[in-house]
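This report goes through selected local features of one chain. Please keep the sequence and the structure in view while reading.

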Amino acid sequence: MTTNASPLFQSYSLGGLELPNRIVMPPMTRSRASQPGDVPNELMAEYYAQRAGAGLIVSEGTWISPLGKGYAWTPGIHTPAQVAGWRKVTQAVHAAGGRIFAQLWHVGRLSHISLLDGQSPVSSSAMQAEGVNVFVAESDGTPGFVQASKPRALKVEEIQVIVDEYRQAARNAMAAGFDGVELHAANGYLVNQFIDSNANDRTDQYGGSLENRLRFLAEVAQALVEGTGDKSRVGIRLAPLTTLNGCSDADPETTYLAAARLLGEIGVGYIHIAEADWDDAPHMPLEFKRRLREVFPGALIYAGKYTTERAAAALNEGWADLIAFGRPFVANPDLPERLRLGAPLNTHQRETLFGGGAHGLTDYPRLTA
């Protein structure tokens, strides 16, 4: 049974970028960058090109500077070699007819000194993410997980350096051929560590009041607008109700409605909402989604265990413009076609998600004719 009538398969214009459908491949860490140097490679180019049927691909998180790295074998976007590696990816995606944004990433406190040449991670505050593990490589190359190291609080002048690094990362992304950039401001990473009240105990202009806690988000968003030269090609990923990696807010609806209003004033092209999708996760009320639509004039992307039916309902009800399907894209390079036909989905192999080679990355079967 085909579902061509579903709004999922209607085209959409995102800042002048024409998307053939409303299906987004969201960012997913896969830890396959070449060593040394954490350089994107031909295998990654093949992986993304296989999935070019998505209306939009958002790359895995790519760290903007050495202190922004938090997981082994993840790609960066600050060295010439990394930019050249990403150019291979974007060329492959474009040759396959796709569109791809770079997700720009600074993990903040979610790192370990072994990944940072012995330096401490940095954050809004000197608050450790207790019980949160990060992915590292042992001295013999064996992958493993360790408790995130305790961070130090950033000085104001250091914050401005990081804003500049985001601006340069956006320039690098455009030089690498990306169609735009997405800021990772969700899931407990650095920008989220400034936004959420329970992760920010600063008493200067970046802490305390809601306006102060949103200041870093606003400065980075503006830097990305300047770096890309086109505000419609900038997206922001937020996770209002998730408590991943130790970040939470005392009044998330107030905080994130204010964030969305602020981002609308800056004029970014979209907000990408990551809904909590684990068992017993907090539910995101429909009224909250409708209020986000009221305060933000750009496109709204939602991710979080959506089925074809739930996605169609969200689009028809008008509070979403695009729907992201995460895990299904891991094992189904032709996911949009499978969704269109109502075909069975491959199941991903959990043990191959992080690290390794082609197995579990590019060898999942497509539908046969």
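Y71 and Y189 are both buried in this predicted model. Their rings form an aromatic pair of the edge-to-face kind, with 6.4 Å from centre to centre and 75 degrees between the planes.

**Aromatic pairs**

A pair of aromatic rings is described by the distance of the centres and the angle of the planes. The structure holds 13 aromatic pairs. One of them is formed by Y48 and W86, whose ring centres are 6.4 Å apart; their planes stand at 50 degrees, so this pair is tilted. Here too the pair links distant parts of the chain: Y48 belongs to helix α1 (residues 42-50) and W86 to helix α2 (residues 80-95), 38 residues apart. Y48 has a relative accessible area of 1% and is therefore buried. W86 is buried as well, with a relative accessible area of 0%. Both residues also belong to one aromatic cluster, formed by Y47, Y48, W86 and F178.

The two pairs described above are set out in the table.

| Pair | Centre to centre | Angle between planes | Kind |
|---|---|---|---|
| Y71 and Y189 | 6.4 Å | 75 degrees | edge-to-face |
| Y48 and W86 | 6.4 Å | 50 degrees | tilted |

A ring is also involved in another kind of arrangement: R310 lies over the face of Y306, at 4.0 Å from the ring centre.

**Helices α1 and α2**

How do the axes of α1 and α2 cross? They come within 8 Å and cross at roughly 30 degrees. Because angles under 35 degrees count as roughly parallel, α1 is described as roughly parallel to α2. The crossing of these helices is right-handed. On the side of α1 the contact is made by E42, M44, A45, Y48 and A49. On the side of α2 it is made by W86, K88, V89, A92 and V93. Y48 and W86, the tilted pair, are thus among the residues of this contact.

**S123**

Strand β6 (residues 122-123) contains S123. Is S123 buried or exposed? S123 has a relative accessible area of 0%, so it counts as buried. Leaving aside residues up to four places away in sequence, S123 touches R109, P151, R152, A153, L154, L190, Q193 and R202.

**Backbone features**

Most residues other than glycine have a negative phi, and most peptide bonds are trans. Some places in this chain depart from that pattern.

Q35 and P36 are joined by a cis peptide bond, with omega about -5 degrees. P36 is located in the loop between β3 (23-25) and α1.

W73 has a positive phi, near 65 degrees, although it is a residue other than glycine.

D117 sits in the loop between β5 (100-105) and β6.

Notes:
Residues numbered from 1 in each chain as written. Predicted model: local features only at pLDDT ≥ 70, side-chain atom pairs only at ≥ 80, totals over all residues. Heavy atoms only, no water. Phe/Tyr/Trp six-rings, centres within 6.5 Å; stacked < 30°, edge-to-face > 60°. Helix = DSSP H or I, 4+ residues; strand = E, 2+ residues; numbered from the N terminus. Buried < 20%, exposed > 50% of the residue type's maximum accessible area, 1.4 Å probe, protein only. Lys NZ or Arg CZ within 6 Å of the ring centre and 35° of its normal. Axes fitted to C-alpha atoms, helices over the stretch in contact; angles between N-to-C directions. Parallel < 35°, antiparallel > 145°, perpendicular 65-115°, else oblique. Left-handed = near helix turned anticlockwise from the far one by under 90°. Contact = heavy atoms within 4.5 Å.
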